[in-house]
Amino acid sequence: MVNRYKSDPSGDWYKEESRRPKKIHSAISDAERKAVIAARLTLENQPYSQRGAISIQYELKSNEQLVVPVWKINRILKQANLNSKKPKQKKVTNEYPVTGLIVDQMDFVGPRYIKNDGRYYSLNIIDITTHFVHVNPLRSKDSGNVIQCVVRFWKQRGIPDFLQMDNELSFRGSNRHPHSFSKLIRLALYLRITVIFIPIKEPWRNGIIEKFNDSFNKRFIKGRIYSDFKHLQNCAKEFEDFHNQYHRYAVHKNHTPEEQLKLEIERDILPANFIIPDDALPLKGGRIILIRFIRSNRQLDVFGEKFLMPSHLEYSYVEAVIDIDEEKLYVVRDCQVQWETYYKVNQSTMW
């Protein structure tokens, strides 16, 4: 710096200059680079061989070549882009059957309690294509209450192709008489709706209604104090309307459910004058689908009744389909029938 000052006192002698060497000699020779790359490619062509730096050293030694240090080998491999890891294969999972597109999901929340006014439940129903929802506070899980709720929903939103729910007893019928189906199943089949029951103890398979129930629990149930059940019912209708008008969903490009309704295919609306019959609806056709995971005991649970499955169905999801017309129970996996049996359909039920 003194010499720079003496040579030009008025210049920029005081500024720091680069100390980088004018010539940089590579620590790795071309011969080493070629030898390492050749050894690596040789090892890659041997399916069971290791391919790291140590293995490359052994390969060089076995070919009577100069052994290159590990750090040089790693640098050569990096520069040649030979040490990048291949993407891992996706974890093999049991393929879950795909349901239809026009689906309503339904689930109970509760029991919950109002101070000095007892317990209550809420039967929540959602259209998965729009997130349009109905909230129904009920005193009990009686099947008659369930029927009233779904009819109210279908009169406003329209009839779906599929109704999906968990294995709640009031949804499916009786443990004592598994072949006599519930009022809900009979009504759905009467309206040509296919009923789907998700796997036992897997609530996440009803993910959209479960996600809504979490929001419902935080914003409605815990959001305020209700004086009595009537007060809660009134507030539930306000919450339902507010959700459908103002809640926005990223999956719908931030549209509200009512905005999304205008973009979807119109459903057939259940007539406003539809009356739930007093007598049992006859079973004239349709399908009931139960999605089940077959474990090592190979037991298929159909409304509490057990069937032994073939061994090749172990550890896989299947669709157990009850065909009302043919009175058959058949099991489907990968779109192929794997097993079937006769299944007597009992026309009588407690309606």
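The questions below move from helices to sheet, hairpin and a single side chain.

Analyst: This is a predicted model, where local features need pLDDT of at least 70, side-chain atom pairs count only at pLDDT 80 or more, and totals for chains, interfaces and linings use all residues. Residues are numbered from 1 along each chain as its sequence is written, and side-chain values use heavy atoms, with hydrogens and water left out.

User: How far does helix α5 reach from its first C-alpha to its last?

Analyst: Helices (H or I, at least four residues) and strands (E, at least two) are DSSP runs, numbered from the N terminus. α5 covers residues 143-156, which is 14 residues. The expected span is 1.5 Å times one less than the number of residues. That gives an expected 20 Å, and α5 comes close to it, reaching 20 Å.

User: Which residue caps the N-terminal end of α5?

Analyst: Look for a polar contact (a pair of N or O atoms within 3.5 Å; within protein, one must be able to donate a hydrogen and the other to accept it, and residues adjacent in sequence count only if both atoms are side-chain atoms). The backbone nitrogen of Gly144 has a side-chain oxygen 2.9 Å away. That oxygen belongs to Asp142.

User: What do the buried residues of α5 pack against?

Analyst: Buried means under 20% relative accessible area, exposed over 50%, partly exposed in between (1.4 Å probe, protein chains only). In α5 the buried set includes Val146, Ile147, Val150 and Trp154. Contact means heavy atoms within 4.5 Å. The packing partners of the buried residues are β1 (103-114), β2 (118-127), β3 (132-138), β4 (162-165), α6 (169-172) and α7 (183-190).

User: Are α5 and α7 roughly parallel or roughly perpendicular to each other?

Analyst: Axes are lines fitted to C-alpha atoms, for helices over the stretch in contact, and angles run from 0 to 180 degrees between N-to-C directions. The two axes come within 9 Å and cross at roughly 30°. Angles under 35 degrees count as roughly parallel, over 145 as roughly antiparallel, 65 to 115 as roughly perpendicular and the rest as oblique. α5 and α7 are therefore roughly parallel.

User: At what angle do α2 and α4 pack?

Analyst: α2 spans residues 30-44 and α4 spans residues 70-79, with axes 10 Å apart. Val36 and Ile37 are among the α2 residues at the contact, and Ile73 and Ile76 are among those of α4. The pair is therefore roughly perpendicular. The angle is about 75°.

User: What is the bridge partner of Phe197 in β6?

Analyst: Strand β5 (residues 194-197) runs parallel to β6 (residues 287-294), and 3 bridges join them. The partner of Phe197 is Leu290.

User: Which residue takes a positive phi in the hairpin of β7 and β8?

Analyst: β7 (residues 299-302) and β8 (residues 305-308) run antiparallel, joined by 4 bridges. This hairpin has 2 residues between the strands. The positive phi, near 55°, is that of Phe303.

User: Why does Gln260 count as buried?

Analyst: Gln260 sits in helix α10 (residues 257-261). Leaving out residues up to four places away in sequence, Gln260 touches Thr129, Thr130, His252 and His255. Gln260 counts as buried because its relative accessibility is 8%.

Conventions:
Two strands pair if DSSP finds at least two bridges between them.
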